[in-house]
Amino acid sequence: MAAIRVLVAKVGLDGHDRGVKVVARLLRDAGLEVIYTGLFQTPETVAAAAVDEDVDVIGLSMLSGAHMTLAPLVVQAVRARNSDIPVVVGGIIPNQDVTELLEAGVAACLGPGAPAEEVVQTVITAARGERRRQAV
Amino acid sequence: MSAPSPNPRLEWQKAFGESRLRDAPFQTMSGIPLEPVYGPDDGEFPGAYPYTRGPYASMYRSKLWTMRMFAGFGTAIDTNLRFKEIIRAGGDGLSTAFDMPTLLGLDSDDPMALGEVGRCGVAIDTLADMRDLFSGIDLGNITTSMTINSPAAVLLAMFVAQAESAGVPRAKLGGTLQNDILKEFQAQKEFVFPPRQSMRLVRDTVAFTAAEMPRWHSISISGYHIREAGSTAAEELAFTLGNGFAYVELARQAGLPVDAFAPRLSFFFNAHIDFFEEIAKYRAARRIWARWMRERYGATSERSMQLRFHTQTAGVSLTAQQPEVNLIRTAIEALAGVLGGTQSLHTNSMDEALALPTEKAARLALRTQQVIAYETNVAHVADPLGGSHFVETLTDEMEARAEEIFARIDEMGRGSMLEGCITGIEENWFQGRIADSAYELERAFNRGERIIVGVNRFLEGNEEDSLDILKITNEDEAKQRQRLGQVKHERNEPAVLDALDRLAKDAVDPEVNLMPALIDASNVFATVGEMMTTMAGVFGRHVEVPTI
């Protein structure tokens with residue numbers, strides 16, 4: 001079975017990149033193929049990169065408080081490209097925001113302090129879930 | 001000057017005798033009188049080179065540290081109310097947090113600003129916002145710190161314009177501009193222009209404040225963000241001081257004598273949870289700075305050699321799980337800052353792993369400092385851990401590790417710390433080391449070697465999720481855009497175009513100081529975004545090569 005391909009991304013103006021880099025390395029060490037967008041991306045550039053790179057899942061790292069605005073826009077931009085690549089959001093995501101994000105089409109959320117195992121499993125589950133749906 | 005004083009205690013006594021003291025009973029709870037400092041007569045004393053034990057002879061006996069609480073959110077009017085609350089609660093310095101668009105030099109109506117306006121700090125677009133921000137606050141009497149880097153020159157210009165329109169001359173303004181662009185490329189990543197062009201703006205602000213704002217600290221050389229991005233304590237120490245040396249070389253290249261600007265440099269360190277290592281870091285920082293300033297850069301003024309610093313407790317040490325425990329972490333970290341001799345301190349609030357602090361959480365954080373200052377008596381004696389075999393050894397070890405890193409930076413710069421820092425940034429050397437250290441720490445956590453209470457141990461209580469957190473609605477964003485639209489509508493458009501035109505012309509000539517053009521542009525309500533875009537037209541924009 002081919003390795004899961006994941007695009008890890010920073011959207012908006014949030015320059016905090018410690019988390020995204022740590023997660024990228026965790027995923028890589030867990031055997032995933034990881035592509036990092038770099039900083040200051042827009043929902044459009046992330047969606048375009050995800051589709052171009054044919055990834056199985058997108059991981060958004062958000063620490064600036066803009067997740068409620070930007071994460072749904074990333075999902076919409078991906079769907080607008082007729083793609084159902086799942087979007088996982090991690091970072092400073094308060095619990096009370098999770099339901100709304102899931103309703104907006106986010107596949108899963110990872111809050112502060114999520115252990116490595118949970119991060120890796122959540123990303124893999126999101127990626128596989130999507131594949132199963134495609135196979136149906 | 002270079003020979004050690006024949007009688008260090010006498011020298012110290014003389015300096016101490018000249019200091020004005022605070023009115024407090026300097027004794028223990030049970031009445032044992034306390035000396036201002038302890039140690040052998042021929043040992044090191046605070047206020048004397050190399051200042052390991054503190055920059056001043058009397059330390060907190062003269063003045064406690066400044067309880068400087070960082071605040072900013074929403075519109076300038078919202079933050080102005082928070083500032084006034086801080087002043088009422090006994091805080092004695094203001095520290096401004098700007099929102100992400102402002103930090104990146106974008107206006108609130110920029111498409112990239114969507115969802116970020118007023119969220120991590122206050123949104124400032126024009127002089128009108130700056131006026132709201134400081135309305136009813138006497139800038140001649142309170143010091144103001146502004147955490148801003150890429151657009152630091154622009155915000156300084158706006159601040160000067162605002163103060164002068166309120167009748168406070170620039171020479172009377174006291175405060176600090178963070179203005180530390182090197183650590184932006186290394187760690188915080190809020191950059192706009194390429195490194196070398198960015199350094200020209202730093203040079204301009206240093207030269208301008210040295211000439212016209214004698215009470216102003218032109219750069220707050222910051223290790224805080226380097227540590228938050230994942231470095232070790234030794235890397236925080238070395239990268240920060242290395243950046244400091246780079247700024248010294250930059251200003252010297254611009255023809256400023258070292259003693260004309262170095263007294264106005266200040267530092268900003270993290271207070272992380274490893275208590276003794278942090279204290280050793282602060283002590284080593286003072287000693288290294290003094291030695292390098294004297295020996296490598298030929299400083300002769302004491303103030304050029306005395307490292308003064310602000311401390312903030314470690315945001316990354318806070319947990320979303322059982323957030324009340326963060327009060328305890330913050331108290332311990334704050335105590336390390338105080339025992340390490342900090343000049344000012346920000347204590348994080350317990351809810352900051354989740355959001356910006358509520359007013360109550362911010363007040364509790366300030367109370368933490370007040371307990372340390374007024375109840376514990378720890379401020380009675382300077383450098384209370386000096387002479388501890390452990391702390392002295394750890395101080396030496398921090399210094400040795402920092403020196404190894406300086407040697408590497410110096411080598412990258414072929415004998416120039418300035419070139420070494422820029423080259424290290426361009427080659428991703430600093431960024432790579434920080435990412436490696438962050439990953440190493442994460443792996444130690446995942447292996448269970450590093451315990452975090454409530455996260456990988458002692459989880460009972462995690463299901464309770466009771467903390468009320470601050471919600472910032474999108475209404476602020478809409479309000480701020482409307483405000484900007486109104487200011488643009490009412491201003492004198494030709495005057496704005498003229499001012500921006502002059503700014504562009506001045507930017508082309510690297511010999512010209514850009515501060516006067518920026519102040520003029522601020523006064524006619526040019527926006528932060530307009531000034532930054534104008535300069536970007538000349539300087540270009542920096543793009544980081546993404547690496548994992």
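Colleague: What do the buried residues of α5(B) pack against?
Modeller: The buried residues of α5(B) pack against α4 (127-133), β3 (143-147), β4 (175-177), α7 (195-212), α20 (515-523) and α21 (528-539) of chain B. Packing rests on contacts, where two residues are in contact if their C-beta atoms, placed from the backbone, lie within 7 Å. Helices (H or I, at least four residues) and strands (E, at least two) are DSSP runs, numbered from the N terminus.

Colleague: Where do these coordinates and numbers come from?
Modeller: This is a predicted model, in which local features need pLDDT of at least 70, side-chain atom pairs count only at pLDDT 80 or more, and totals for chains, interfaces and linings use all residues. Residues are numbered from 1 along each chain as its sequence is written, while chains are lettered from A and ligands numbered from 1 in the order in which they are written.

Colleague: Back to α5(B). How many of its residues are buried?
Modeller: 12 of the 14 are buried, so α5(B) is largely enclosed by the rest of the structure. Buried means that 20 or more other C-beta atoms lie within 10 Å of the residue's own; exposed means 12 or fewer, partly exposed is in between, and the C-beta atoms are placed from the backbone. Among the buried ones are L155(B), F159(B) and Q162(B).

Colleague: What length does α5(B) reach?
Modeller: α5(B) covers residues 152-165 and reaches 20 Å from its first C-alpha to its last, close to the 20 Å expected at 1.5 Å a residue. The expected span is 1.5 Å times one less than the number of residues. Just after α5(B), G167(B) takes a positive phi of about 90°.

Colleague: Now the sheet. What is the strand order in chain B?
Modeller: The order is β5-β4-β3-β2-β1-β9-β8-β7-β6 in an open sheet of 9 strands, and the pairing is parallel. Two strands pair if DSSP finds at least two bridges between them. β5 (216-217) and β6 (219-222) of chain B are the edge strands, each pairing on one side only. At β5(B), the partner is β4(B), over 2 bridges in the parallel sense, with T176(B) opposite H217(B).

Colleague: And β1(B), is that strand mostly covered or open?
Modeller: Mostly covered: 5 of the 6 residues of β1(B), which runs over 66-71, are buried. β1(B) is joined by 2 bridges to the parallel strand β9 (residues 344-346) of chain B, and M67(B) stands opposite L345(B) there. With β2 (residues 93-97) of chain B, β1(B) pairs in the parallel sense over 4 bridges; F70(B) has S95(B) as its bridge partner.

Colleague: Switching to chain A. How many helices and strands does it have?
Modeller: Chain A has 5 helices and 5 strands, in the order β-α-β-α-β-α-β-α-β-α from the N terminus on. Of its 136 residues, 54% count as buried. The C-alpha trace of chain A spans about 35 × 30 × 25 Å along its principal axes.
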